[in-house]
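Please take a moment to turn the model around before reading on. The paragraphs below will then walk you through it step by step.

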Amino acid sequence: MLEALYRGLTALAGPAVRRLLDRRLAAGKEDPHRLPERLGHAGLPRPPGRLIWLHAASVGESMAVLPLIDRLLTLSPRPTVLVTTGTVTSAALMAQRLPPGAIHQFVPVDLPAAVARFIDHWRPDAALWIESEFWPNLLRALRKAQVPAALVNARLSAGSHRNWRRVPRTAHRLLSTFRLALAQTATEAARLRDLGLADVRCVGNLKYSTRPLPAEPQALAALQAAVAGRPAWVLASTHPGEDDLAGRVHQRLAPRIPGLLTLVVPRHPARGPEIAAAFQAQGLTVSRRATGALLDATDALHVADTLGELGLFFRLAPVAAIGGSFVPVGGHNPIEPAQLGAAIIYGPHMHNFAEIAATLEAAGGARRVPDVDGLAEAVHALLTDPVAREAQAAAAKAVADDNRDAVDRVVAALAPLLAEAGLHLTGDAR
């Protein structure tokens, strides 16, 4: 009943959704050249042969599926992998990172006509949805087309679980689209079973299997020369309300750590100018990477407001604080700095990575701090005690290395569903 009501309302919502897309376009949240994709008008022809559709909502999910895409491209016969995401930032990263044989499109808005155009054009042979974004019309279209589908790296928060339990028939109907769910944790597996999904398994988190973030060697060498051995730390993937923390920590620690350099990497690079202006208003000297200027010896802070260069700064700074964890966003992936040998700090809000954070902390590979005072204390301790810093970084890297085979378990669990789509593992995919 609710699903039918939703379908009816969205069938009438076309004009309102188009106005919403126009507002998002004006705010820089849509790509003006690819806006038709959001209404189901394909930007590319469908390649011949088998096609696997992976839907990954935004940056974190799309990065997590890269190792899975590599494995899918070794299937026989070799398929095309279509990746859909919903954000401009994730689309730009996919343009940089997708291997040959994989293509990107923006996911259509969940209007019946847009969904129908998308499915009719791409005709996926299998569908893998990442984490927990459930769009009723898209899921209904997959069921109607009888596309074998799985929920991969599934995550369902306690709050979402409570909300879906209020509409159990609708939840069961939506989740019945998926023949299989591969959950990140046993807790989330139990929540999905409670909502009626029969085949749920816990095979680990794909984020452990992601490739280390890349860094262009010449750019890294130039930055290392510009830093010239200064003690440095990075606050990475910041959201509004967090950038100020970096300035406050710097002002507290600069008198105690001569030459201190603070690096700030905003989650959304377009915020770079406003972040730099706020630091300058505090009397701090600051430079921005997007201007093309290298760090200067007089810079107190450097704002890395470019896309896809986080790997540079995790290599440059031996201490990495994780953004999204000092405001209630839920944190960002701590495995990325762990793979690159950084000592990790994060704030109280790490619910998006709760199991990974708990594993890191139990191994001595990360420090959780409550506020700006705790952040300043942790940065000071790690920058002034290289033995403790290296031990913490080594513990974090060991956690990342020990769990790297998550993608192997995911591919093995997906093998029967992929076989139903006419795709089979080869020796390289096992």
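This is a predicted model: local features need pLDDT of at least 70, side-chain atom pairs count only at pLDDT 80 or more; totals for chains, interfaces and linings use all residues.

The protein is split into domain 1, made of residues 1-210 together with 405-421, and domain 2, which covers 217-403. Taken over C-alpha atoms, the centres of domain 1 and domain 2 are 31 Å apart. Where the two domains are in contact, domain 1 contributes 17 residues and domain 2 contributes 16 residues.

Now let us look for empty space. Rolling a probe the size of a water molecule over the atoms shows where such space is left. The largest pocket has a volume of about 1,000 Å³. It is lined by 45 residues, and the closest to its centre are V59, T89, R267, H268 and H332. Which domains does the lining of the largest pocket draw on? At least three residues come from each of domain 1 and domain 2. In terms of helices and strands, α3 (59-64), α5 (88-97), β8 (232-238), β9 (261-266) and α14 (310-316) each supply at least two residues of this lining. Helix α3 gives the most, with 5 residues. Sorted by class, the lining of the largest pocket holds 18 nonpolar, 16 polar and 11 charged residues.

T89 sits in helix α5. Is T89 buried or exposed? With a relative accessibility of 16%, T89 counts as buried, because the cut-off for buried is under 20%. Leaving aside residues up to four places away in sequence, T89 touches V59, H268 and L307. Two of these partners, V59 and H268, are also among the residues closest to the centre of the largest pocket.

By class, the lining of the second largest pocket consists of 10 nonpolar, 3 polar and 4 charged residues.

Finally, let us see how two helices are placed. An α-helix has 3.6 residues a turn, so residues three or four places apart point the same way. In helix α9 (residues 168-175), the buried residues are T170, A171, L174 and L175. These residues lie on the same side of α9, because they cover an arc of only 125 degrees around the axis. Their cover includes α1 (2-12), α7 (136-144) and α8 (158-165).

Helix α11 (residues 217-227) can be read in a similar way. Its buried residues are A219, L220, L223, A226 and V227. They too span an arc of only 125 degrees around the axis, which puts them on the same side of α11. What lies over the buried residues of α11? The cover includes β9 and α14, and both of these elements also supply residues to the lining of the largest pocket. On the face of α11 turned away from its buried side you will find the exposed residues P217, Q218 and A225.

Methods: Residues are numbered from 1 along each chain as its sequence is written. Side-chain values use heavy atoms; hydrogens and water are left out. Buried means under 20% relative accessible area, exposed over 50%, partly exposed in between (1.4 Å probe, protein chains only). Helices (H or I, at least four residues) and strands (E, at least two) are DSSP runs, numbered from the N terminus. The arc is that of the directions from the helix axis to the C-beta atoms. Contact means heavy atoms within 4.5 Å. On a 1 Å grid over the protein atoms alone, a cavity is a set of points where a 1.4 Å probe fits but cannot get out, and a pocket is an open set with protein on both sides within 12 Å along at least five of seven lines; lining residues have an atom within 4 Å of a point. Grid points are joined across faces, edges and corners, and a volume is the space filled by probe spheres set on the points. Ala, Val, Leu, Ile, Met, Phe, Trp, Tyr, Cys and Pro count as nonpolar, Asp, Glu, Lys and Arg as charged, and the others, Gly among them, as polar. Domain bounds come from an automatic or database domain assignment.
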